[in-house]
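Open the structure in your viewer and keep the selection tool ready. This tour goes from one selection to the next.

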Amino acid sequence: MSTNSIPVVRGNGTRNHGRKVAVIGSGSWGTTFAKVLTDAGCDVTIWARRTEVAHEIQVARRNTQYLPSINLPKGLNATSDLAVALRGAQLVFLAVPSQTLRQNLLDLEPYLDRRSVLVSLVKGVEKTTTMRMSEVIADTLDLPPERIGSVSGPNIALEIAKEQPTGAVASCADLSVAQEIATAASAPYFRTYVSTDVVGTELGGVLKNLIALAIGIVDGVGYGENTKAAIITRGLAEMTEFAVASGADPVTMSGLAGLGDLIATCQSPLSRNNTAGRLIGQGYSQEETREQMQQVAEGITSVPPVLELARERGIVMPIVEQVQMVLSGTMAPANLGPHLATEDDVPRPEQRPDTPQEGRWRRLVNRMKGSAA
Ligand SMILES: NC(=O)C1=CN([C@@H]2O[C@H](COP(=O)(O)OP(=O)(O)OC[C@H]3O[C@@H](n4cnc5c(N)ncnc54)[C@H](OP(=O)(O)O)[C@@H]3O)[C@@H](O)[C@H]2O)C=CC1
Ligand SMILES: O=C(CO)COP(=O)(O)O
């Protein structure tokens with residue numbers, strides 16, 4: 001482990017002894033996640049598409065473009081050769097932009113061990129197909145669900161690279177595979193929980209980006225904490241409805257991959273989605289904002305496909321609709337938030353009678369009534 005921040009007690013390094021893993025993508029998250037895996041005791045090789053980035057990581061133990069001032073661990077190997085990165089890798093973590101993942105998978109397919117598990121770290125949906133990343137993996141490589149996983153949570157890369165503690169959720173349809181992923185990705189400053197809810201884990205990461213855009217927009221306008229609290233609270237309700245209609249467990253949305261990530265991304269000035277929203281709220285166009293951003297802001301690309309899926313599934317997402325209108329220039333940023341409703345909306349209870357949250361509370365209350373009787 002490097003010395004970027006407060007030292008923490010070392011954990012389970014020996015559990016990962018000899019576990020060979022690859023990380024595909026050497027941006028801020030790929031590099032940070034490779035550090036987590038190395039600090040967890042795995043034998044890690046990170047793939048960078050540019051040789052100079054691979055060389056800098058391998059030789060100088062730095063990735064100055066994406067993680068300035070961070071010392072990377074000695075054991076981390078880097079290469080720009082996919083064959084080298086994938087040789088013997090039991091777990092392959094994918095940290096590339098959502099819109100390039102399909103091509104990246106096709107590129108790596110010839111070198112992939114047919115037993116390896118592919119784990120998406122990506123928080124977007126494919127624009128042209130509206131597929132989640134695990135669906136893109138299954139579609140491209142024809143892999144069964146037990147060879148596809150996802151890791152997501154409140155994971156602002158730079159904070160984790162500084163070894164500031166947090167957690168995440170590793171999910172796979174096969175619980176034992178989720179446990180294997182979580183073991184590989186559990187460092188002293190990074191606790192990884194397990195889940196079999198791949199849909200919920202992935203959608204938490206996708207949907208919080210859209211709400212973070214809304215938060216950035218109202219921040220750019222100059223609105224204060226009430227507006228943001230209303231957007232976060234109603235945003236979680238929108239996220240949960242959409243995720244449940246897509247097959248997710250509502251409980252996932254109240255965990256690290258849902259609420260946890262929503263809080264981190266909406267609060268952090270380091271969030272690229274939050275930052276992109278702020279620029280738009282300050283009056284920059286979508287094009288100008290894209291130009292100013294040096295890194296991936298997945299939310300901007302995910303808005304149209306998420307709304308397309310929401311309409312197909314009969315889900316109303318007023319905040320995401322408003323974000324779309326602001327992005328397309330049909331609504332002024334200052335009009336986002338204050339009403340949080342469409343024009344024809346009528347006053348209604350805050351929680352719809354059939355929301356997953358209410359159903360859960362009702363079941364709990366009924367159970368308690370039953371046990372008190
Ligand atoms: N940063 C974070 O805090 C977190 C990010 N994520 C998610 O991780 C994913 C990756 O994001 P992140 O690392 O932050 O992004 P960055 O913008 O930091 O880096 C993007 C990376 O993708 C590479 N890349 C760009 N185009 C291609 C391509 N066509 N083929 C292969 N690689 C390409 C870039 O390479 P090059 O440098 O050569 O351009 C770079 O290594 C996103 O889905 C993001 O939402 C998830 C959790 C936390
Ligand atoms: O996913 C993230 C934190 O969990 C990173 O968010 P941004 O992509 O908005 O920086």
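Start with ligand 2. Its shell draws at least three residues from each of domain 1 (19–196) and domain 2 (200–343); the domain bounds come from an automatic or database domain assignment. This is a predicted model, where local features need pLDDT of at least 70, side-chain atom pairs count only at pLDDT 80 or more, and totals for chains, interfaces and linings use all residues. Residues are numbered from 1 along each chain as its sequence is written, while chains are lettered from A and ligands numbered from 1 in the order in which they are written.

Now show the shell itself. Around ligand 2 there are 14 residues, the closest being N155, D261, S271, R272 and N273 (a residue is near if its C-beta atom, placed from the backbone, lies within 6 Å of the molecule). Elements giving two or more residues are α8 (198–221), α11 (256–267) and α12 (272–281) (helices are DSSP runs of H or I, at least four residues, numbered from the N terminus).

Next, select ligand 1. Its shell holds 25 residues, with G27, W29, K123, A157 and Q295 the closest. Helix α1 (residues 28–39) gives the largest share, three residues. Both domain 1 (19–196) and domain 2 (200–343) contribute to this shell, so ligand 1 lies between them.

Last stop: helices α4 (residues 101–108) and α5 (residues 133–141). Their axes come within 10 Å and cross at roughly 40 degrees (axes are lines fitted to C-alpha atoms over the stretch in contact, and angles run from 0 to 180 degrees between N-to-C directions).
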